[in-house]
Amino acid sequence: MTSETIAADAAGTWQLGDLSVNRIGFGTMRLTGSAAFHHGTPSDRERSIAVLRKAVELGVNHIDTAAFYFSALRSANELVNSALSPYADDLVVVTKVGPFRDYSGEWSTSAPRPDELRGHVEENLRQLGRDHLDVVNLRRTGQDSIAEHFGALADLRAEGLIRHLGISGIEPRHLAEAQAVAPVVCVQNRFGLDSHDPATDEVLRLCGEQGIAFVPFFAVAGDAGPMGATTHHEDAVLAVARAHDATPAQVRIAWTLHQGPHVLAIPGTGNPDHLAENVAAGAIRLTDEELVTLNALHQKAG
């Protein structure tokens with residue numbers, strides 16, 4: 001594959017409410033260091049800014065970020081602001097609220113109160129230098145019901161601080177619960193070739209039926225999660241990669257996109273070469289036989 005010549009529109013587009021995005025987007029979590037949050041050494045700021053600008057040059061118009069994406073010296077939101085502001089009219093910046101880290105990087109051990117979410121939204125606005133947020137996902141942080149928290153974000157939407165709402169880390173019942181409060185344009189759940197959760201598979205199906213974007217995270221990272229991309233690849237993944245002259249990571253992204261036209265990808269990286277490869281994965285067309293093989297791997301995964 002000639003990654004440098006393949007743009008983000010190769011996989012097609014989808015609607016987040018009234019906002020059209022290419023199905024290959026970019027996640028900013030990896031920009032802050034060698035591993036997410038406080039697990040690695042801080043990234044080179046100029047390189048991270050260059051990666052963001054290259055993503056846009058390659059046609060990426062869906063940037064996923066959060067105020068809690070920061071390391072000792074780097075803030076993902078600050079990098080996005082520095083690299084991409086003033087923002088292009090067609091650029092969609094998606095944030096998430098719910099989890100909270102203090103200034104030392106430690107995570108809160110409890111879910112925020114619904115009234116505290118205004119502060120989360122305002123912090124994202126401040127860091128990104130915007131007067132409204134295109135899409136805000138409520139990341140469920142252990143609470144059984146999300147109605148009150150989602151309702152608090154719906155109030156902020158009514159005020160004009162948020163354009164569209166999504167939810168993250170949910171079960172099927174939470175989707176119905178949120179929809180009773182306000183429209184849901186996207187769902188973010190952990191999902192990947194080697195990550196199988198029947199509840200999330202059901203959420204994926206429901207989103208497809210209802211025209212809601214399904215946006216998996218850690219689709220490339222696998223079990224490594226925030227520590228970085230997995231280095232373990234099944235023989236079947238390696239075989240498909242060889243057949244397409246692609247990397248295993250590209251096969252994982254391609255498989256994710258093949259799960260339905262409503263599925264978006266937001267792979268993140270601080271490496272400009274990996275960025276081009278990730279975007280190019282949108283052009284991979286898996287055969288029916290390859291999909292059967294890879295789907296079987298997903299079903300067997302834990």
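Q: Why are H5 and H6 called oblique to each other?
A: Helix H5 (residues 172-179) and helix H6 (residues 198-210) pack at an angle of about 40 degrees, with axes 8 Å apart. Angles under 35 degrees count as roughly parallel, over 145 as roughly antiparallel, 65 to 115 as roughly perpendicular and the rest as oblique. H5 and H6 are therefore oblique. Axes are lines fitted to C-alpha atoms, for helices over the stretch in contact, and angles run from 0 to 180 degrees between N-to-C directions. Helices (H or I, at least four residues) and strands (E, at least two) are DSSP runs, numbered from the N terminus.

Q: What makes the contact of H5 and H6?
A: Pro172, Leu175 and Gln179 of H5 meet Ala199, Glu202, Val203, Leu206 and Gln210 of H6, where contact means heavy atoms within 4.5 Å. These residues divide into five nonpolar, two polar and one charged. Ala, Val, Leu, Ile, Met, Phe, Trp, Tyr, Cys and Pro count as nonpolar, Asp, Glu, Lys and Arg as charged, and the others, Gly among them, as polar.

Q: What kind of model is this, and how are its residues numbered?
A: It is a predicted model, in which local features need pLDDT of at least 70 and side-chain atom pairs count only at pLDDT 80 or more, while totals for chains, interfaces and linings use all residues. Residues are numbered from 1 along each chain as its sequence is written, and side-chain values use heavy atoms, with hydrogens and water left out.

Q: Why are H1 and H9 called roughly parallel?
A: Helix H1 (residues 45-57) and helix H9 (residues 272-280) pack at an angle of about 25 degrees, with axes 10 Å apart. H1 and H9 are therefore roughly parallel to each other.

Q: Which residues of H1 and H9 meet?
A: Arg47, Val51, Lys54 and Ala55 in H1 meet Pro272, Leu275 and Ala276 in H9. The residues of this contact divide into five nonpolar, no polar and two charged.

Q: What makes the peptide bond between Ser85 and Pro86 stand out?
A: The bond joining Ser85 and Pro86 is cis, with omega about 0 degrees. Pro86 is placed in the loop between helix H2 (76-84) and E5.

Q: What is noted about phi of Asp245?
A: Phi of Asp245 is near 50 degrees, a positive value in a residue other than glycine. Asp245 lies in the loop between helix H7 (235-243) and helix H8 (248-257).
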